[in-house]
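Please look over the model shown here.

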Amino acid sequence: MMLKIAVFRALQLGDLLCAMPAITALKYNYPESRLYFIGLPHMRPLLQRFDCVDEFVAFPGHPELPELPCHPLALADFVKRMQAEKFDLLLQLQGNGTIVNDFLKNFGAKRLVGFRPSGSAEDSGWLEYPDKLHEVDRHLALIDFLGLQIPNRTMYYPLFSSDWSGFEVIKNRLAYPFVIVHVGSRDTNRQWPLENFVQLAEHLHAKGYQIVLTGVSAEKQRIAAFENLLTFRVLNLCAQLDLGVLGCLVQQASLVICNCTGISHIAAALETRSIVLSMDGEPERWGPQNKCIHKTFDARKPIQLTDIFSAIDSLLEFQSPVGQNVAATPKISRG
């Protein structure tokens, strides 16, 4: 009988990418299982990129979780559907479990494990939430705790041949070498001032790099304001790219400059050099782990722009005049 495993993590793009090494390890240890991922509805296209996930389940929201408005009847129907699945194993990867542990018990899984709050009454089958670890390592610690093997401890972002075909549509608009500047973020409190981004863009423009702007529809106004502050033309691709083509663009970029948001994690997963401005107060938790090709600045503290200029120049120092990734073979995971 096939083992049915479910993972609960109803969070955003960067949160999911940080958890994928652990979820991949889970599938590695149970290759014949059917693995369900329970997440936010708009994250379906992202999770469908990962072959360790067999089925995506849209979560309708919970009254104590801020990501979605919650409709009680939809939530009740959802719980009934989860009970009918009769999961053999359900992993709680949402957070420390203060809210969701009791909620997930309603699914009736044969075994429910994951993170628990410090000092909680959960039994020894739960891992006390490790506060001090990077988000990737936090979830891998749970896999270690469960006694499972971990084949790969680094983030990854699958790109397919269909993604590169889509990329060809915009490729003739690019002028290599180019740098992506991403000024948006879902949380407005985590947006570094536009005037600072302008100075970084001007620094790169003076060095001969095309500036490419990315973002989602909700960020159009902010990106337009940024573009209006510049004294030179840029390529604005806001709301024009799906996740696959965006990944191709990031893989081909010489550098990504951004707030600590989804695209920073895509750059980390694709090993594209980046400058990350962290305004969440947790740069060691969310910033890219490879400090050689990524530089994270704690933007809640005073920063000298000259220090960022130096970091940019250092990251670009060993690239050819035509840009780091121009001659690189596109990375295709499958498809």
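Is Cys248 buried or exposed? Cys248 is buried, as its relative accessible area is 0%. Buried means under 20% relative accessible area, exposed means over 50%, and partly exposed lies in between, with a 1.4 Å probe and protein chains only.

## Basis of the model

This is a predicted model: local features need pLDDT of at least 70, side-chain atom pairs count only at pLDDT 80 or more, and totals for chains, interfaces and linings use all residues. Residues are numbered from 1 along each chain as its sequence is written, and side-chain values use heavy atoms, with hydrogens and water left out.

## Cysteines

The disulfide count is zero. A disulfide here is a pair of cysteine sulfur atoms within 2.5 Å. Cys248 is in no disulfide; its nearest cysteine sulfur belongs to Cys258, 18 Å away. Cys292 is in no disulfide either, and the nearest cysteine sulfur is again that of Cys258, at 18 Å. Cys292 is exposed, with a relative accessible area of 65%.

## Nonpolar cores

The largest nonpolar core holds 85 residues. Ile38 and Phe78 have the most contacts inside it. Such a core is a set of buried Ala, Val, Leu, Ile, Met, Phe, Trp, Tyr and Cys residues joined through side-chain atoms within 4.5 Å. Helix 1 (residues 13-29) gives the most to this core, with 10 residues. Helices (H or I, at least four residues) and strands (E, at least two) are DSSP runs, numbered from the N terminus. A second, separate core has 32 residues, including Leu194, Phe197, Val198 and Leu315.

What does Ile38 touch, not counting residues up to four places away in sequence? Its partners are Ala6, Val7, Phe8, Arg9, Ala10, Val57, Phe59, Phe78, Met82, Leu90 and Phe107. Contact means heavy atoms within 4.5 Å.

## Aromatic rings

The model has 14 aromatic pairs. Rings of Phe, Tyr and Trp (its six-membered ring) pair if their centres lie within 6.5 Å; planes under 30 degrees apart count as stacked, over 60 as edge-to-face and the rest as tilted. Phe37 and Phe56 are stacked, 6.4 Å centre to centre with 10° between the planes. This pair links distant parts of the chain: Phe37 is in strand 2 (residues 34-39), Phe56 in strand 3 (residues 55-58), 19 residues apart. Both Phe37 and Phe56 are buried.

Phe59 lies in the loop between strand 3 and helix 3 (72-85) and Phe78 in helix 3, so the pair ties together parts 19 residues apart in sequence. Both of these residues, Phe59 and Phe78, are buried. Phe8, Phe59, Phe78, Phe103 and Phe107 form one aromatic cluster.

## Charged residues

Arg285 is in helix 11 (residues 283-286). It counts as buried, at 18% relative accessibility. Its side chain makes a polar contact of 2.8 Å with that of Glu135. A polar contact is a pair of N or O atoms within 3.5 Å; within protein, one must be able to donate a hydrogen and the other to accept it, and residues adjacent in sequence count only if both atoms are side-chain atoms. Leaving out residues up to four places away in sequence, Arg285 touches Tyr129, Leu133, His134, Glu135 and Arg138.

Lys4 belongs to strand 1 (residues 4-8). Lys4 also counts as buried, at 19% relative accessibility. Beyond neighbours within four places in sequence, Lys4 is in contact with Arg34, Tyr36, Glu85, Lys86, Phe87, Asp88 and Leu89. The charged end of Arg34 sits over the ring of Tyr36, 5.8 Å from its centre. The rule for this asks that NZ of Lys or CZ of Arg be within 6 Å of the ring centre and within 35 degrees of the ring normal.

## Loops and backbone

The peptide bond from Tyr176 to Pro177 is cis, with omega near -5°. Pro177 is in the loop between helix 6 (161-171) and strand 7 (178-182).

Ala239 has a positive phi, near 65°, though it is not glycine. It lies in the loop between strand 9 (235-236) and helix 9 (243-252), and counts as partly exposed at 35% relative accessibility. Glu271 has a positive phi near 60°. Its place is the loop between helix 10 (262-270) and strand 11 (274-278). Glu271 is exposed, with a relative accessible area of 52%.
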